[in-house]
Amino acid sequence: SKPQMAEIGRLLVNVGLWSLISGPVDVRSFELSDVSVLLEKNAQGEGNWVFGVASEPETEADEPAAAATKVPALIQHGKLGNVRVTYREPKSPDRVVFLETLTIEPGSSDLLALSGKGRLDDHAVSLSGELGPLGALVSGRDIRMALEGAVASLRLEAKGSVGRFDPLDGADLALKIENPALGALLKNLHLPVFATGPLNVDVRLTDAGELTRLDLNARAGAITARIDGTLRTLALAGSDIRFAVATRNLRVVQQGLPKIPASVS
């Protein structure tokens, strides 16, 4: 519907030259503002973000050896403002993500301090907290975080540390999700209303030798769920988990879920 897929008012990047070779990319400062991006599908379901001719599917490579997951780029000073992304398809209302501001600056104890706010359609979105240290983000090991976020009345919190993400190692991380009226939130976000009432989710990852212990307890209105077991990776390959789900009129329990082979993700 528009000739431009993206329009950028201001872009300023200061990059450490040697990091382009050695990696990860050291972005010493990054500024982006007055941006409009339109992602659109036509009546045939084709997206304007698809360019050229589809290539042949790649053959699956051998499973890589275990290694730390590293970030591709590290922003030490960042400032984003007035960034709007619109998703449009026929016979549906536009979905709009608007980033009013997002700042990234050095914080305490060599951590990066993040602070941002914006909107998802008509719902306020916010993010704040710290992540790092810088050396840990470069190596992909021993990352600490204390982050808080919100989407409308949905609150999210992540506190703790992870020694390594792939495979998981040295985790001591707590995640919490809360919402007082899940049904109204799902309806406002145009998502299926699978439950109503308050939502409370508590997730804990703790180190268990060569594996990572997972404990999840969730309640969404009349539905309760519990998942526990061990993980090797976040993709669940090599995991051994158990789950139990219950409602007022239905109870489903699975004990000793068969161990997922390492070749399955």
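Predicted model: local features only at pLDDT ≥ 70, side-chain atom pairs only at ≥ 80, totals over all residues.
1. Overall make-up. The chain comprises three helices and 16 strands. Of its 265 residues, 31% count as buried. The accessible surface amounts to about 16400 Å², and carbon and sulfur atoms account for 57% of that area. When contacts between residues at least 6 apart in sequence are considered, 39% of them join residues at least 24 apart.

2. Largest nonpolar core. This core contains 30 residues, and the members touching the most other members are Leu112, Leu182, Leu199, Val201, Leu205 and Leu231. At least two core residues come from each of the following elements: strands β6 (112-120), β8 (141-151), β9 (154-165), β12 (199-208) and β13 (211-220), together with helices α2 (134-139) and α3 (182-188). Another core, of eight residues, lies apart from this one; Val27, Val35, Val83 and Leu102 are among its members.

3. Second largest pocket. The volume of this pocket is about 150 Å³. Its lining consists of Arg84, Pro93, Asp94, Arg95, Val96, Phe98, Arg119, Asp121, Asp122, His123, Asn188 and His190. By residue class, the lining divides into six charged, three polar and three nonpolar residues. Strand β5 (residues 95-106) gives the most to this lining, with three residues.

4. Threonine 86. This residue belongs to strand β4 (residues 78-88). Is threonine 86 buried or exposed? Threonine 86 counts as buried because its relative accessibility is 11%, and the cut-off for buried is under 20%. Leaving aside residues up to four places away in sequence, threonine 86 touches Val37, Leu38 and Leu39, as well as Asp94, Arg95 and Val96.

5. Valine 15. Valine 15 is located in strand β1 (residues 6-15). With a relative accessibility of 30%, valine 15 counts as partly exposed. Its contacts, not counting residues up to four places away in sequence, are Leu20, Val25 and Asp26. Valine 15 and valine 27 are separated by 12 residues in sequence, while their C-alpha atoms are 4.6 Å apart in space. Val27 is itself among the members of the eight-residue core.

Definitions and conventions. Residues numbered from 1 in each chain as written. Heavy atoms only, no water. Helix = DSSP H or I, 4+ residues; strand = E, 2+ residues; numbered from the N terminus. Buried < 20%, exposed > 50% of the residue type's maximum accessible area, 1.4 Å probe, protein only. Contact = heavy atoms within 4.5 Å. Core = buried A, V, L, I, M, F, W, Y, C linked by side-chain atoms within 4.5 Å. 1 Å grid on protein atoms, 1.4 Å probe; cavity = no way out; pocket = protein on both sides within 12 Å on 5 of 7 lines; lining within 4 Å. Points joined across faces, edges and corners; volume = space filled by probe spheres on them. Nonpolar A, V, L, I, M, F, W, Y, C, P; charged D, E, K, R; others polar. Areas by Shrake-Rupley, 256 points an atom, 1.4 Å probe, with all protein chains shown as cover.
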